Amino acid sequence: MRILAQPARRSDKTVEKHYQDTIASPVAFDQHADLLDAATLDALKQLFPDGTAPMWGVMPGKNGANLPEIRKMGPGSWVFFSGDKRLYLGGTVALTWRSPQLAARLWDTDGDGETWEYMYALSGTRGFDIPIEEVRALLDWKPTRNIMRFQAFKDTEADLLQSLLTLEPAQTVQPEDEEAAAQQAIADYTGPLERSAERAHRGEQAHLKRALLPGPTGECALCGRTLPAAFLIAAHIKKRAACTDDEKRDLQNVAMLACLLGCDGLYERGFITVSEGGQLQVSPLAASSPAVAQHVQDHLANCTTAWWTPEREQYFAWHRAHTFRSAPAP
């Protein structure tokens, strides 16, 4: 998955207006059908059945300076917005197209008469509040480096960011020939299905689970249900890949028991988190999936976990800042 950075300072009045007009208030397709070609309009309606989507755009830049990076962007690319020394918004590119006319209608033009004509629709937008210093440390950047232009990250950097943040692909419109090729590749695959790294991971999981669950049953830290050991997993409160060596060894505090009946997946994907003090917090984005919202209502609404302690707060705080799917700031 390609990861791109979009420098956009919320303190900039122009950026803030664009953000309010087309991110905080998703664009209605039918209002602009006269400037969308038939193929783009049809694809948007397939991807967003409610007829609206957050939209953003990129200028070609002076002498086309942004074009090499723009060409790397496509459906499934993950984009985050940075400004004022923080990452504050992320989303997945669902569709890209070029329309100077629509961009000018939505965002006008700059002083040179240019507009943000290389456009994209975003799915799964979510808010962040991550200092740029943390990104610098993760990617081994110089202390003074900032994100100054639209850019795509190298594969190694993308992998590291993927481990830091919970990034998921968007639904995309896949041509029939590509879909057939993908299905054939799956059918033809004869390589190994078990790897030594996976076996090592399972061994570590078993050791961690034994440390947290000495008996045949245990209590899920999130929903509070008492379940057989087979339905419980030792889940890292802070993503393991982001832990220091000392944090990985802090077994009694860095991990918790979570059930496989929904809580582990919801926590891992950021639909629930734990506030300071132990109150469970539900992402407003959970409402976008009726099944997820119903599960939360049935088992997690108004819950407080006894698993929270002052010693574990640093790990829960990390999850709130990095994994929890907060809504984009209005």
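**Helix, loop and core**

Modeller: The model is predicted.

Colleague: Is E69 buried or exposed?

Modeller: E69 has a relative accessibility of 11%, below the 20% limit, and therefore counts as buried.

Colleague: And what is E69 in contact with, neighbours within four places in sequence aside?

Modeller: With those neighbours left aside, E69 is in contact with L4, R149, F150, Q151 and A152.

Colleague: Turning to K62, where is it found?

Modeller: K62 is in the loop between β4 (55-58) and α3. Its relative accessible area is 71%, over the 50% cut-off, so K62 is exposed.

Colleague: How far apart are K62 and E114 in space?

Modeller: Their C-alpha atoms are 9.7 Å apart, while 52 residues separate K62 and E114 in sequence.

Colleague: Now the largest nonpolar core: how many residues does it have?

Modeller: That core has 36 residues, and L222, M256, L300 and F316 have the most contacts inside it. Among the elements that give two or more residues to it are α8 (196-212), β11 (232-236) and α13 (313-322).

Colleague: Which element gives the most?

Modeller: β12 does, with 5 residues.

Colleague: What does M256 touch?

Modeller: Not counting residues up to four places away in sequence, M256 touches L212, A221, L222, I233, A234, A235, I237, Y267, W307 and F316. Apart from this core lies another, of 21 residues, including L41, L44, L102 and W107.

Key. Residues numbered from 1 in each chain as written. Predicted model: local features only at pLDDT ≥ 70, side-chain atom pairs only at ≥ 80, totals over all residues. Heavy atoms only, no water. Core = buried A, V, L, I, M, F, W, Y, C linked by side-chain atoms within 4.5 Å. Buried < 20%, exposed > 50% of the residue type's maximum accessible area, 1.4 Å probe, protein only. Helix = DSSP H or I, 4+ residues; strand = E, 2+ residues; numbered from the N terminus. Contact = heavy atoms within 4.5 Å.
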